[in-house]
Amino acid sequence: MTPRHPMHPVMAAAAALLGSAAIAAAPQAPGPAFPTFKTAADLKAACDRGLDTATAALRQLESRPADGGWLAAYDRFNGQLEDLGYPLQFLSAVHPDKPVRDASEACEQRWTEFQSSLGQNEKLFKAARELKPRDAIDRELLKTTLEGFEDAGVALPPAQRERAKALNDRIAALGLEFDRNVRDAAVQVAFTEAELKGVPEAVWKNAKRDPEGRLLLGVDYPTYHPVLQLADSTSARERIWRAKVNEGGEANLKLLAEITRLRKEYASLFGAASWADFVVRRRMAESVPKAQAFLAEVKAAVEERERRELDELRRAKAEHLGQPLDAVRMERWDVPFYTERARKARYSVDQEAFRPYFPPQESLLFCFRLIEKLMGVRYERVPGVTLWHPEAQTWRVLDAKTNKPLATLWLDLYPREGKYNHAAVWSMRSGSTAARRTPQAALVVNFDRQGLTLDELETLLHELGHAVHNNLSATRYGQQAGTSTKRDFVEAPSQMLEDWVYDKQVLKLFGEVCPNCKPVPDKMIEQAKAARDYAKGIQQSRQHLFASYDLALYSGEPRDPMALWAQMEGATPLGHVKGTMFPAGFSHIATNYSAGYYGYLWSLVVAMDMRTAFDGGKRLDPQVGRRYRDKVLGNGSQLPPAALVKEFLGRDFNSKAFFEDLKK
Ligand SMILES: [Zn+2]
């Protein structure tokens with residue numbers, strides 16, 4: 001199937017008007033244009049200039065009296081830092097040229113150092129301490145600002161303070177190295193065509209071949225998932241699984257061990273028992289024991305279910321291979337394959353069968369349409385903008401009622417060599433009503449040009465949820481905008497929306513953005529919905545393991561990351577596979593989700609509770625959507641998460657919906 005790129009209705013109208021007058025009326029994306037760099041030297045020069053400007057702005061701020069305008073000036077300064085630094089640092093994830101990516105990473109390191117010395121700036125700390133907050137919003141910002149300074153070590157005795165800064169810089173540099181090792185690993189696995197039996201031809205037909213004529217496949221998602229889920233050959237699946245799980249290599253295990261030690265040392269400078277204790281006390285969960293107690297509850301809820309599901313998959317394997325049950329062992333590379341088979345057999349669901357219904361660009365328009373309906377906005381493509389890659393797109397978000405441009409969204413949909421290979425959103429610019437600053441975000445995914453599976457459509461909507469959190473923020477200060485919220489809450493707005501792609505009524509919106517697309521049959525959605533709960537025990541047990549491992553690694557005395565992983569994974573029903581090193585690719589915990597992975601489960605509790613407001617046929621209810629936009633997204637972190645949710649739901653949040661869903 002050829003990928004199609006029809007125009008968005010709004011675009012078509014603009015194109016029809018094209019002429020000199022129409023050019024003047026062409027939509028502009030709010031906020032600064034995305035900077036483009038042809039060479040690494042260009043980027044380095046821009047990085048130098050940016051840091052010089054930031055240093056000059058800092059000197060000015062330092063000499064400013066701690067008066068009623070200080071907090072706003074400090075916020076504007078932080079906004080300036082975003083504009084000067086963020087786009088340059090983002091390019092390491094997406095720029096097609098390696099030298100530019102490397103220059104971007106070097107730039108990021110310099111900005112990290114600038115930021116960490118800023119955290120220890122005594123003049124700013126002193127000014128912030130003298131301030132009297134005018135109202136609750138000021139008070140909340142002042143509180144987190146002072147905590148930020150304290151956590152950066154400004155109040156420590158000089159020697160420890162210096163050590164804190166050195167540790168901060170070193171940990172950040174090691175995290176960058178960790179990610180680079182994964183990104184540039186360029187792992188390839190060789191397969192004969194016969195070994196790829198079961199995998200759609202579109203996945204491998206354009207792959208390069210080695211001298212023996214075998215196909216060389218990478219471990220990017222659009223390749224890895226279909227092979228693991230669909231290859232008939234056990235050994236083919238095992239090889240690609242092992243390649244992926246070892247992607248970071250021994251080097252990353254060493255880096256992670258060092259990062260763990262340094263974080264422990266950092267926390268002890270502040271008298272905290274561990275890095276986890278140091279981090280979690282600022283989060284929604286408030287303390288490590290509370291986070292652990294929650295994880296224990298999750299475990300109790302899924303343990304039995306996981307065993308049952310694995311037994312069933314093992315029976316499916318025995319049947320498939322025609323072997324006696326006793327002779328069959330379930331392996332980790334079997335789970336996705338037999339789960340898919342069971343889903344197909346039980347529910348007649350084939351994720352691959354969704355691709356013709358969900359072409360990538362139309363899928364994007366569908367997700368936009370959903371947000372438009374629900375939250376009272378409009379998306380408009382902005383043509384003629386030069387970005388980091390010719391296929392990257394610029395969109396602007398407008399308020400549907402007032403037509404006011406609210407935000408900019410950049411998109412990068414398809415995989416290519418050297419590109420960030422997961423799905424994520426970069427909040428490039430935080431909005432601020434006081435500074436009339438419009439937000440900007442970049443959404444990066446890696447989709448198959450043939451179309452999306454329903455799972456991938458869910459991923460797209462999840463990521464768009466993050467983008468919307470940035471884009472529809474309407475806080476007074478940029479530092480409290482959208483996604484600046486607590487890490488164990490930040491996933492909730494995205495997780496909440498995931499469920500919308502399983503709603504037949506919602507999927508009908510596809511017809512509005514693509515009249516020529518064949519509508520996805522209701523039956524396929526019903527089946528997928530029934531199949532979704534299948535193997536939930538296995539899935540959530542894995543999430544539970546990741547979260548507990550992360551907390552264990554960062555609690556108490558530092559341990560060897562690999563030994564701890566082998567022990568913890570070894571205690572699960574599928575055990576640990578010798579020779580594999582999952583932690584070497586676990587970027588979350590090496591970088592800024594350390595002691596925070598539990599947040600995915602924690603925020604899912606909140607997400608599922610918030611979702612109840614849309615129950616009873618209100619999935620597209622603009623009133624509930626608008627209330628959600630105003631109370632939750634719009635408020636960013638002006639209020640603590642629990643208070644935001646209470647304003648939206650009209651009551652305290654609870655975990656009922658989450659634990660009920662685990663029983664489904
Ligand atoms: Zn997310």
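Predicted model: local features only at pLDDT ≥ 70, side-chain atom pairs only at ≥ 80, totals over all residues.

Biologist: Where is alanine 535 found, then? And is alanine 535 buried or exposed?

Modeller: Alanine 535 belongs to the loop between α21 (522-532) and α22 (536-553). Its relative accessibility is 6%, so alanine 535 counts as buried.

Biologist: Switching to the metal: which residues are the protein donors of the zinc ion?

Modeller: The zinc ion has His462 (NE2), His466 (NE2) and Glu491 (OE) as its protein donors, and they lie 2.1 to 2.2 Å from the ion. Along the chain, the donors of the zinc ion follow the spacing H-x3-H-x24-E. Within that set, histidine 466 is in helix α17 (residues 454-471), while glutamate 491 is in the loop between α17 and α18 (492-498), so that the pair, 25 residues apart, links distant parts of the chain.

Biologist: Are histidine 466 and glutamate 491 buried or exposed?

Modeller: Both histidine 466 and glutamate 491 are buried.

Biologist: On to helix packing. At what angle do α3 and α5 pack?

Modeller: Helix α3 (residues 40-62) packs against helix α5 (residues 98-119) at an angle of about 15°, and their axes are 8 Å apart. That angle makes α3 roughly parallel to α5. The crossing in which α3 passes α5 is right-handed.

Biologist: Which residues meet there?

Modeller: On the α3 side they include Leu43, Cys47, Leu51 and Leu58, and on the α5 side they include Val100, Cys107, Trp111 and Phe114. Divided by class, the residues of the contact of α3 with α5 are 13 nonpolar, three polar and two charged.

Biologist: How do α14 and α15 lie to each other?

Modeller: Helix α14 (residues 288-321) and helix α15 (residues 335-347) pack at an angle of about 85°, with 10 Å between their axes. That makes α14 roughly perpendicular to α15. Among the residues that make the contact are Leu310, Leu313 and Leu321 of α14, together with Phe337, Tyr338 and Arg346 of α15. By class, the contact of α14 with α15 has eight nonpolar, two polar and four charged residues.

Biologist: What about α26 and α27, at what angle do they cross?

Modeller: The axes of helix α26 (residues 622-633) and helix α27 (residues 641-649) cross at roughly 155° and come within 9 Å. This makes α26 roughly antiparallel to α27. The crossing of α26 and α27 is right-handed. In that contact, Val624, Arg627, Tyr628, Lys631 and Val632 of α26 meet Leu644, Glu647 and Phe648 of α27. The classes there are five nonpolar, no polar and three charged residues.

Biologist: Back to loops: where does alanine 434 lie?

Modeller: Alanine 434 lies in the loop between β6 (424-429) and β7 (440-444). With a relative accessible area of 53%, alanine 434 is exposed. The C-alpha atoms of alanine 434 and tyrosine 477 are 6.5 Å apart, although the two residues are 43 residues apart along the chain.

Biologist: Last one, what does glycine 585 contact?

Modeller: Leaving aside its neighbours within four places in sequence, glycine 585 contacts Phe178 and Val182. Glycine 585 is in the loop between α23 (561-570) and α24 (587-590), and at 34% relative accessibility glycine 585 counts as partly exposed.

Key
Residues numbered from 1 in each chain as written. Heavy atoms only, no water. Axes fitted to C-alpha atoms, helices over the stretch in contact; angles between N-to-C directions. Helix = DSSP H or I, 4+ residues; strand = E, 2+ residues; numbered from the N terminus. Parallel < 35°, antiparallel > 145°, perpendicular 65-115°, else oblique. Left-handed = near helix turned anticlockwise from the far one by under 90°. Contact = heavy atoms within 4.5 Å. Nonpolar A, V, L, I, M, F, W, Y, C, P; charged D, E, K, R; others polar. Donors = N, O, S within 2.8 Å, 3.2 Å for Na, K, Ca; no water. Buried < 20%, exposed > 50% of the residue type's maximum accessible area, 1.4 Å probe, protein only.
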